[in-house]
Amino acid sequence: MKRRFFRAAVLALAFALSVSCLAHLRRAKQYYAEGQDHARAFRADRAVASWKKALDEADRECLRKPSAQAFTVKGLAETNLGRWREAEASFLKAFSLGFGPGEAWASDAALAGLASSFEELGLEAPALRIYAQLLDKSAFKPALMAAAEKRTNLILARITDLDPGEKARTLAGLNKTLDKLLDRDFACGLYHYLHAQVDGHLGDLRRSYEEAVMAGELGLPSEKILRDNDNQLVYCYFKLKDALLPAEWDAFAAAHASWAKKWGWRDDRTPAWKKE
Amino acid sequence: MGKKDIEAALGRGVDILNEFLPLKSWLFFPILYSACVWAVRRVFDFRARILAWQVWLDPDIVRTKPDEFVLNFFCGDEALGREYADEIARRDIRVLRTAFPALYPIFGLEDAFLKALFRPEIESADYRAIVIEFASRTAKARDDIRPAAGDPEFWKALELIGMEAASLGLHLLKDAEVQNIIVALVKKPAGAAPAMPPDA
């Protein structure tokens, strides 16, 4: 009777502990997601408070039942709180523990987080390698989009230091990667926007214009990017005016005028948000 | 319904800002002006719109532009083109690139809050002062607006003011008129306070 009671008590305790552990990880994820929501709505104070709670819960989970997922959530919270060194250690710990089947999304999130912390610590080369790997292998769209944007921006920021030959090769490589992403997900406006930026560097303004049109039509993740995309359209418009033959220019200008009308621009060169 | 009613509504806006941001009157003009801009467009998610400038300080988008784009930005804006005429003529990309991160969010992306925050410099066409002041003034604005930005009541109150001003015909006034009304209200003796950050 005593032994049966003891066994039941142990089982109950084990159940309670596992529920409690699960609750820590679940709460950590919940607080992290809340923090992301607050950050998107520019409620910085509340976002920071939520990420701190997420970190606290993830810390407890890591102590009680260390797992790759727990260290990933801990690292993501630390990344958002700007604790890059700690974040780097957490992501590395997550990889040392290993991700189980069905946790590919967590592994990709940890990789993106690790790359981001490397970048913040000035380690751009390993960050670029991780972004490239994510772009090659990941099926987790948020990680893919983050990697595409970060890698493109990192490379474009360094492009002015390269000699013309290397610059052309680097830009062609960037476009090849973006073309592959577009083959997989043509409806992603962000990839078209990034393509338009790279085409602008290459001087292929016709293609840059076309990609920027598609980006605007398919939708962009923020007003900042949307306005910048409109500025890219106007930039291409002016540059093409000088570059195209008169007949080509007439056809282009007519097409652009109909787009501008569709978008509600004030004229061919002034998006609706200009001169508020 | 006319200019007087709008003035009265915006005057109440100044009083409300005084409650939420005591001793931070240098922020009243940018906040109230950007609220008016969005109210005219009948977009009332003020929190996201007014605080969007904080996202626009993200350097990624500005440090990756090709030289030609930067040059075209300065040439395409009449006032900036005049101010930076020498650098443009010399194609001094180093100087233009240094100025670009401060001037592009204001004149390229046209953020209402940032435009109002640097109104004195824009009015006096002192664009180089914007470049010098940009980092410190935006950092100070971010710090000073934080206590109110976390309070949902602040945004509710601001939305009510915006909606009231919009319903009174705010869209019939010229942009410069709206700016002048707010500046006059902020400078009134009752709220006597600097229109510039104290240590800017």
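Author: Start with B:Asp144, which counts as buried at 9% relative accessibility. Buried means under 20% relative accessible area, exposed over 50%, and partly exposed in between (1.4 Å probe, protein chains only). This is a predicted model, in which local features need pLDDT of at least 70, side-chain atom pairs count only at pLDDT 80 or more, and totals for chains, interfaces and linings use all residues. Residues are numbered from 1 along each chain as its sequence is written, chains are lettered from A and ligands numbered from 1 in the order in which they are written, and side-chain values use heavy atoms, with hydrogens and water left out.

Reader: With which residue does B:Asp144 form a salt bridge?

Author: A salt bridge is a side-chain nitrogen of Lys or Arg within 4 Å of a carboxyl oxygen of Asp or Glu. For B:Asp144 the partner is B:Lys140, with the closest N and O atoms 3.2 Å apart. B:Lys140 is partly exposed, at 21%. Both residues lie in helix α12 (residues 127-149) of chain B, four residues apart, about one turn of the helix. Helices (H or I, at least four residues) and strands (E, at least two) are DSSP runs, numbered from the N terminus.

Reader: Which parts of the chain does the pair B:Glu164 and B:Arg12 link?

Author: B:Glu164 forms a salt bridge with B:Arg12, the closest N and O atoms lying 2.4 Å apart. This pair links distant parts of chain B: B:Glu164 is in helix α13 (residues 152-167) and B:Arg12 in helix α1 (residues 3-20), 152 residues apart. B:Glu164 is partly exposed at 28%, and B:Arg12 is partly exposed at 39%.

Reader: How many salt bridges does the structure hold over all chains?

Author: The count is 25.
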